[in-house]
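Biologist: I am new to this structure and would like to go through its charged side-chain pairs. Could you show it to me?

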Amino acid sequence: MTDGRTAQVHSGESLLFLTDEQLRQGIEAMFFAYRGFTADPDRILAELAYGRAHHRAIHFINRAPGTTVNNLLAILGVTKQSLNRVLRTLIADGLVESRVGNLDKRERHLYLTEAGHELEATLSDAQRARMRAAYREAGPEAVAGFRKVLESMMDGDMHRCYLRLKDSAG
């Protein structure tokens, strides 16, 4: 492979030749880790009668203030109907503001309100604490390896979207 995703030998085990059992264990670890990663925000969201779709929308509106509804649709990979339900709730509850585009009046640009920023910070703080503890325990090599694995699992379009967001970090 020449795309920078070449496997390396670690601890005497060639990562190119993982057994089905080792892959199954990795898949299961991912499922359980995801449950842990979302557990704290889920508890916070449940108190507000929100779900993970609300969290994801808030997260990405925060990451790209002024993003369009169409861009958010592409990032989240949900239907327009589903996103509109989520956005209507967030707007009605005063967490998100929708503004008509300056250049294209058909576009709606999304921004978090002050209350939206507060909720996003609460949700992110919980996830950052869990991630920080896991990274600290695993060590720097594992952190870099984990990120590389996650990036390698992304489809091409999603990887490009991820890189755009990553590159826009200030």
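Biologist: Is Glu 21 buried, partly exposed or exposed in this model?

Modeller: The model is predicted. Glu 21 has a relative accessible area of 38%. Buried means under 20% and exposed means over 50%, so Glu 21 counts as partly exposed.

Biologist: How far apart are Arg 24 and Glu 21 in helix α1?

Modeller: The side chains of these two residues meet in a salt bridge, at 2.2 Å from N to O. Arg 24, at 33% relative accessibility, is partly exposed. Because Arg 24 and Glu 21 are three residues apart in helix α1 (residues 20-47), their separation is about one helical turn.

Biologist: How many residues apart are Arg 130 and Asp 40?

Modeller: Arg 130 forms a salt bridge with Asp 40, with the closest N and O atoms 3.3 Å apart. Arg 130 is in helix α5 (residues 114-138) and Asp 40 is in helix α1, so the pair links distant parts of the chain. The separation is 90 residues.

Biologist: Which helices hold Glu 151 and Lys 166?

Modeller: Their side chains meet in a salt bridge at 3.7 Å, N to O. Glu 151 is buried at 15% relative accessibility, whereas Lys 166 is partly exposed at 40%. The pair ties together parts that are 15 residues apart in sequence, because Glu 151 lies in helix α6 and Lys 166 in helix α7.

Terms used. Residues numbered from 1 in each chain as written. Predicted model: local features only at pLDDT ≥ 70, side-chain atom pairs only at ≥ 80, totals over all residues. Heavy atoms only, no water. Salt bridge = Lys/Arg side-chain N within 4 Å of Asp/Glu carboxyl O. Helix = DSSP H or I, 4+ residues; strand = E, 2+ residues; numbered from the N terminus. Buried < 20%, exposed > 50% of the residue type's maximum accessible area, 1.4 Å probe, protein only.
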